[in-house]
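Reader: I have a model open and want to read its side-chain contacts. Where do I begin?

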Amino acid sequence: MSLSTLKREQIKKDLKNKDFDVVIIGGGITGAGIALDASQRGMKVALVEMQDFAQGTSSRSTKLVHGGLRYLKQLQVGVVAETGRERAIVYENGPHVTTPERMLLPMHKGGSMGKFTTAIGLTMYDRLAGVKKAERKTMLNAKETLEKEPLVKKAGLKGGGSYVEYRTDDARLTIEVMKRAEEKGATIINHTKSVHFTYDSNEQVNGIQVEDQINNETYPVKAKKVINASGPWVDEVRSGDYARNNKQLRLTKGVHIVIDQSKFPLGQAVYFDTEKDGRMIFAIPREGKAYVGTTDTFYNNDKASPLATQEDRDYLIDAINYMFPDVDVKDEDIESSWAGIRPLILEEGKDPSEISRKDEVWEGKSGLLTIAGGKLTGYRHMALEIVDLLSKRLKEEYGMKFAKCATKHLTISGGDVGGSKNFDQFIDQKVKEAKSYQIDEATARHFASKYGSNAEELFKIAQTAQHQDTGLPLDIYTELIYSIQNEMVYRPTDFFIRRTGKLYFKIDDVLNYKEQVIEVMGDLLGYTNIQKEAYTKELQIAIEEAQTGNQQPAEKE
């Protein structure tokens, strides 16, 4: 059927009328991974997300599929080994949303990273994470470190380490996993909230009642099992179940800021410790910008729209000016920012950055399965873990048998490009093909590198050239139509934030074309005047929050 907004009513009809093996609450990367694993094993799967896909934590990360080098410092060897292995799988299955990125780790006199310990740490990291030979660490002297990134602080510089992380578009990774799950048979919808559980005569959960957040319609979704994968909302969702357990979440917030390369001409990704508290943070070049993060503070405010406070912005500005003293970045240089919440398992008395990133699965007396914690990189393995348990329970309780997990070598949507080794060649081939569609090379390269094997669909849309009537550039028009037809975009914020990342990395496109985008969406999706007004206002608030961010009160403890 495809994840088409235009087929929303048909998808709702299926959710109302089918009996599912499992319904998943939560459309972030964890829920998407579970939907893919379960549907690929042959289960009848439903998934509901109360906001847009990836709108919570899964579009607000550091946008790295990384092995967690800093967890070595905390001796979380198992976490490093597992995420390292998973990182390679994520890359291989979706090279269009994941890119290897050399990371520089500068070492200064008095810093937390010594030459000897860094060399040992990076060697351990390479071994634990099973890093490819070409991507293994190299140790650099001070001169070589400055050749890699001349902006790094020269005073007290002893040298550096160079190793590889993988840059990703977290929201697009989530949507591509979701699209593959749908292709495998999952019935998926966004902007649909789970409002309460339903139970059978034995007090076992047998589905959920949901509410469409667009037209307020409520309806039941029947399933043998329910999985709560709602990230920061896990405790809230569980509170609607009579069964209790002693596990709780502890939310922490991470903030990132974006600065134009004209002000902060970063040429190389850098991972460095701050002067203030020795926390390790990233500075990463991307699309003509440099973004820096992340902070790590306990969080108890609004989960739906966490914001950067002035304190967060100051912390990151200070960190930049400490490590890159010649840059002299100021608060007004921040073009945009985002804040995300990490749902971690509560560990009393621990500092935010010390709490384990390990995931856990809980099973209630009612049969409700809950998964929380974990990292973006480990989404596939987390899904494997909980779907193994789900499969076991469906066999015990219903005598149902399903195939074993086979997601290790299963490409995500857009990932059929002949593997990571062939990706550059694939892009070149697509650029050649685009000539027959009269699409210029830059646009074709953008579509092929971002959408992978789905690029052909965008070429077809671009060929219609209807963008000329809308006042939109060809690339924005094409991506908008594609995302409505294939990625369930309903609101302008869905498009500008999670499908394209423009609010963070190309905010001028948002400012210049927001009215035209809303017009096209209103015509295609039949917005009422009230909806049009509400979505315009919602986008305006998102723009203001990205630009200023500091409208939220200081965090409560």
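**Reading side-chain contacts**

Author: Start with burial: Glu 487 is buried, and so is Lys 179. Keep in mind that this is a predicted model.

Reader: How do the side chains of Glu 487 and Lys 179 meet?

Author: In a salt bridge, at 2.7 Å from N to O. Lys 179 is in helix α7, while Glu 487 is in the loop between α14 and α15. They are 308 residues apart.

Reader: Which residue forms a salt bridge with Glu 487 at 2.6 Å?

Author: Arg 172. Arg 172 also lies in helix α7, 315 residues from Glu 487. At 1% relative accessibility, Arg 172 counts as buried. A network of salt bridges links these residues with others, including Asp 52 and Arg 498.

Reader: How many salt bridges are there by this rule?

Author: The count comes to 47. One of them joins Lys 154 and Asp 326, with the closest N and O atoms 3.5 Å apart. Lys 154 is partly exposed at 47%, and Asp 326 is exposed at 57%.

Reader: Now the rings. What describes a pair of aromatic rings?

Author: The distance of the centres and the angle of the planes. The structure holds 17 aromatic pairs. Take Phe 272 and Phe 324: their centres are 5.5 Å apart and their planes are at 85°, so the pair is edge-to-face. Phe 272 is in strand β12 and Phe 324 in the loop between α9 and β16, so the pair ties together parts 52 residues apart in sequence.

Reader: Are Phe 272 and Phe 324 buried or exposed?

Author: Phe 272 is buried, at 0% relative accessible area. Phe 324 is buried, at 0% too.

Note on methods. Residues are numbered from 1 along each chain as its sequence is written. This is a predicted model: local features need pLDDT of at least 70, side-chain atom pairs count only at pLDDT 80 or more; totals for chains, interfaces and linings use all residues. Side-chain values use heavy atoms; hydrogens and water are left out. Rings of Phe, Tyr and Trp (its six-membered ring) pair if their centres lie within 6.5 Å; planes under 30 degrees apart count as stacked, over 60 as edge-to-face and the rest as tilted. Helices (H or I, at least four residues) and strands (E, at least two) are DSSP runs, numbered from the N terminus. Buried means under 20% relative accessible area, exposed over 50%, partly exposed in between (1.4 Å probe, protein chains only). A salt bridge is a side-chain nitrogen of Lys or Arg within 4 Å of a carboxyl oxygen of Asp or Glu.
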